[in-house]
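User: I would like to learn how to read the features of a protein model one at a time, with the general idea before the particular case. Could we go through the structure below in that way?

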Amino acid sequence: MVVITAFLLALLTGSLVYCVLTVLAARRYLAVQPPSLRTPIAISVLKPLSGVDEGLEENLRSFFRQDYSGFEILFAVHRADDPAVAVVEKVRRECPGGPATRLIVTGEPPGPNAKAFSLERMTQEARHHLLVTSDSDARVTPGLLKTIASEFQEEGVGVATCPYRAVPGRSVWSRLEAIGMNTEFLGGVLVARMLEGMKFALGPTMAIRREVLERMGGFGGLQDYLSEDFVIGKLAAEMGYRVLLSSCMIEHRIGSQPFGTNLRHRLRWARGTRRSRPLGYWGQVFTNPLPLALLLWGLAPGWWPLVALTAVFRAAAAWAVAGWVLHDPLTRKRWWLVPVQDLLSFLVWIAGFFGNTILWRGRKCYLSRDGRLRQIE
């Protein structure tokens, strides 16, 4: 019992230090301002689509409202009868003075990562050398492309990835997931950026130079990976390019999911992280101080003041990310859900150590040690 108590105390101490690092990392991120745009850079925006996500029309419309000239938007669907096509056509009609657009029907993907396949097909058709990839559930501000173009003026920048504020649907499970993204996930990104620099990228919206992408084999070479975004940032850093966490924040519209669907999604994410960043996944134990404090309290009831102290540290770290960086109204309004989400996140983290199969877009796949997928059903 004494050994277990001492072990939990050591982990909790590390978690409290991590909370302090999160606050410092948020301040350091906010201190960086993008340079002024001197010369506009032509940009190709790549939007892979599959079905109609909640809020898709407004998500797409946000790209037609960019305060930027000299860009094109390419959309890709696997089949011509995909319902997303009608949404694209509607937005096109309503924005007649918008950017040049093209719609590509790719056919069925040969590999497990359908998104990477669509991105490869769009890259082949794209006219410009700066590529901005953006998921269908991303909603952006009018200054996105201007900010990205200004950041790519800096020497050696190969990839820029946008931080995001998760916006939930109507279900309580999506609210919990959004609070976790906005108080825990981005905090980990900021701490990693401060301690070792950006050696990965985030999927919802990122930018990459075409020559950097070609050096790593293009999107076609990433069709067997679950987390192609992480791999892109990792390879770019290994090749000597700078990977930036952009100053432009976007919204990640996660929609509404019932409990079972949401849990499978979380487990897929956890197992993917475990395979992509095994050491980082072990380190996530420090991102959930409240469960550690409660476990310690259960073993040593006299140490209850540590629970109160931990709550203060966790609140400071959560607000540094959700309040200062993301200006998240959800966390401000439903702050009392943070402890609930922390407990759920801790349980999912433990479950993520077990199992190597995932269900992704109706396909059951085996996840290998290097993050590659092999379809088994």
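User: Is Arg102 buried, partly exposed or exposed, and what is its relative accessibility?

Analyst: This is a predicted model, and the values discussed here are computed from it. A residue is called buried under 20% relative accessible area and exposed over 50%, with partly exposed in between. Arg102 has a relative accessibility of 22%, and therefore counts as partly exposed.

User: With which residue does Arg102 form a salt bridge, and how far apart are the closest N and O atoms?

Analyst: Side chains of opposite charge can pair when their charged atoms come close. In this model the partner of Arg102 is Glu125, and the closest N and O atoms are 4.0 Å apart. Arg102 belongs to strand 3 (residues 100-105) and Glu125 to helix 4 (residues 114-125), so the pair ties together parts that are 23 residues apart in sequence. Glu125, at 37% relative accessibility, also counts as partly exposed.

User: How many salt bridges does a search of the whole structure find, and which residues are linked in a network of them?

Analyst: The search of the whole structure finds 19 salt bridges. A network of salt bridges links Glu57, Glu58, Arg61, Arg65, Lys90 and Glu94. Within that group, Arg65 forms a salt bridge with Glu58, and the closest N and O atoms of the two are 2.7 Å apart. Arg65 counts as partly exposed at 47% relative accessibility, and Glu58 is likewise partly exposed, at 27%.

User: How many cavities of 30 Å³ or more are counted, and which residues line the largest cavity?

Analyst: A cavity is a space where the probe fits but cannot get out, while a pocket is open. The count comes to one cavity of 30 Å³ or more, and the largest cavity holds about 60 Å³ of space. Its lining is made of Tyr18, Cys19, Thr22, Thr183, Glu184, Gly187, Thr287, Pro289, Arg314 and Ala317, which divide into four nonpolar, four polar and two charged residues. At least two residues of this lining come from each of helix 1 (2-30), helix 6 (172-196) and helix 12 (304-325).

User: What is the volume of the second largest pocket, and which element gives the largest share of its lining?

Analyst: The volume of the second largest pocket is about 270 Å³. Strand 9 (residues 242-245) gives the largest share of the lining, with four residues. In total 18 residues line the pocket, and Arg193, Arg242, Val243, Leu244 and Leu245 lie nearest its centre.

User: Which residues form a nonpolar patch on the surface?

Analyst: Leu294, Trp297, Trp304 and Leu343 form such a patch, and together they have about 410 Å² of accessible area. Leu343 is part of helix 14 (residues 338-351), and its relative accessible area of 38% makes it partly exposed.

User: Which residue other than glycine has a positive phi, near 50°?

Analyst: Most residues other than glycine have a negative phi, and most peptide bonds are trans. His327 has a positive phi, near 50°. His327 sits in the loop between helix 12 and helix 13 (329-333), and at 54% relative accessibility it counts as exposed.

Technical notes:
Residues are numbered from 1 along each chain as its sequence is written. This is a predicted model: local features need pLDDT of at least 70, side-chain atom pairs count only at pLDDT 80 or more; totals for chains, interfaces and linings use all residues. Side-chain values use heavy atoms; hydrogens and water are left out. On a 1 Å grid over the protein atoms alone, a cavity is a set of points where a 1.4 Å probe fits but cannot get out, and a pocket is an open set with protein on both sides within 12 Å along at least five of seven lines; lining residues have an atom within 4 Å of a point. Grid points are joined across faces, edges and corners, and a volume is the space filled by probe spheres set on the points. Ala, Val, Leu, Ile, Met, Phe, Trp, Tyr, Cys and Pro count as nonpolar, Asp, Glu, Lys and Arg as charged, and the others, Gly among them, as polar. Patches are made of residues with over 30% relative accessible area and no salt bridge: like charges are joined within 9 Å, nonpolar side chains (Val, Leu, Ile, Met, Phe, Trp, Tyr) within 5 Å. Accessible areas come from the Shrake-Rupley method with a 1.4 Å probe; for residues, only the protein chains shown count as cover. A salt bridge is a side-chain nitrogen of Lys or Arg within 4 Å of a carboxyl oxygen of Asp or Glu. Buried means under 20% relative accessible area, exposed over 50%, partly exposed in between (1.4 Å probe, protein chains only).
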